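Here are my notes for someone opening this model for the first time. Have a look at it, then read on.

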Amino acid sequence: MPACTLPISAGMTLTFHDAPADGCLPGGWQVGTAACTDAVLAPGAKSEPKGSFGGYQTHLAGVNFDGSATDLGIGFTWTSNYNGKTGGTSIKKTELAADENGTGGVTITSVNQITTYGGITVTGVNGAPPAVPATLGSGSTCHGLYSGTFNGDVTVSAGQTCTFINGYITGNVNVNGGNLVLSGVLIGKNVQIVGGGTFSIGPSTTINGNLEIHNIPPGAAQNQVCGSTVSGNLQFHNNGTPVQIGSASESVCVGNIIGGNLEVHNNTGSTGIFNNTVGGNLDDHNNTAPTQVFRNSVRQNLQCVSNSLITGAGNAAGQKQGQCTGF
């Protein structure tokens, strides 16, 4: 099963990417071909048995002075039953034929945040004191640090701070005035944030549906969407809070991959749109606070209209329009 491991250090954050795929899993693009003939013990079989998956163990390692490695024990175990050609469950929209795009996903089966190597003290994990994340028992009680798999929708209400890391939420995430932190999480459907609170989406978070953030009142907190994949649309509108969707410094906040459209409009808080890859259109309009549009790759149109103060440069697009014509 092919895999590509690319650990990327960004300041105090280490982003891990591994994208295994097995086209011989049931429904895979190689099923029925000679490549899958030896997939199982039965002679002539051309598909892995139903329910098959790959299992992995990922650990943080330290490099010694002599170049050898030491397992620090911090890490997680996970499984993948992705069967597509492109490799990686975050790659949902490609130019491949439909039968090669694949199905399946990743499940985090365990997380260990405490090192087993003597002499090292862990002082923080994802910005919080090290702890064993709890398993979320109810979609309405996400207040604290959680990991693992939750089947269903999650709702975060005012007064709650939901931090979900290295896990999988199969349904929607709806934030109604609470605070949300997602890091290394696969969301099966949509994420909607409305009405207040703070948010940090990413790094290494994948949303299989849309991400919509709207009607958040003014605030000083710098919110962010960093290093994430949104298969559908990302909409940020009618907000008074500042946001960075990617940033000028990729060591702080890397850009995102957005399969559909990126829309930023009618905001009174500052907006930064940096280093994103957009499969549809990027539309930035009617923002009254400073808005920045730099180094984005837009497959279709980059359109900017009626912004009070806009700057930008280094963007690539199928067509540039309005205030972004020269960007």
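1. A word on terms before we start: strands (E, at least two residues) and helices (H or I, at least four) are DSSP runs, numbered from the N terminus. Buried means under 20% relative accessible area, exposed means over 50%, and partly exposed is what lies in between, with a 1.4 Å probe and protein chains only.

2. Keep in mind that this is a predicted model, where local features need pLDDT of at least 70, side-chain atom pairs count only at pLDDT 80 or more, and totals for chains, interfaces and linings use all residues. Residues are numbered from 1 along each chain as its sequence is written, and side-chain values use heavy atoms, with hydrogens and water left out.

3. Start with strand S8, residues 154-157. Val154 and Val156 make up its covered face, while Thr155 and Ser157 sit on the uncovered one. S8 runs parallel to strand S10 (residues 173-176), and four bridges join them; two strands count as paired if DSSP finds at least two bridges between them. Val173 in S10 is the bridge partner of Val154.

4. Now the cysteines. A disulfide is a covalent bond between the sulfur atoms of two cysteines; here the cut-off is a pair of cysteine sulfur atoms within 2.5 Å. The structure holds four of them. Count the bonded cysteines along the chain and the pattern reads 1-2, 3-4, 5-6, 7-8.

5. Take Cys142 and Cys162, whose disulfide has an S to S distance of 1.9 Å. Why is this disulfide right-handed? Because the torsion about its S-S bond is about 60°. Cys142 lies in the loop between strand S6 (134-135) and strand S7 (144-150) and Cys162 lies in strand S9 (residues 161-169), so the bond ties together parts that are 20 residues apart in sequence. Cys142 is buried at a relative accessible area of 0%, and Cys162 is buried too, at 2%.

6. Next, Cys226 and Cys253, with sulfur atoms 1.8 Å apart. This link is left-handed, with -100° about the S-S bond. Cys226 is in the loop between strand S16 (223-225) and strand S17 (229-230), and Cys253 is in the loop between strand S19 (243-245) and strand S20 (257-258), 27 residues apart. Cys226 has 4% relative accessibility, so it counts as buried; Cys253, at 1%, is buried as well.

7. Finally, look at Cys304 and Cys324, where the sulfur atoms of the disulfide are 1.7 Å apart. Is this link left-handed or right-handed? Left-handed, with -70° about the S-S bond. Cys304 belongs to strand S26 (residues 297-305) and Cys324 to the segment after strand S28 (316-322), 20 residues apart. Both Cys304 and Cys324 are buried.
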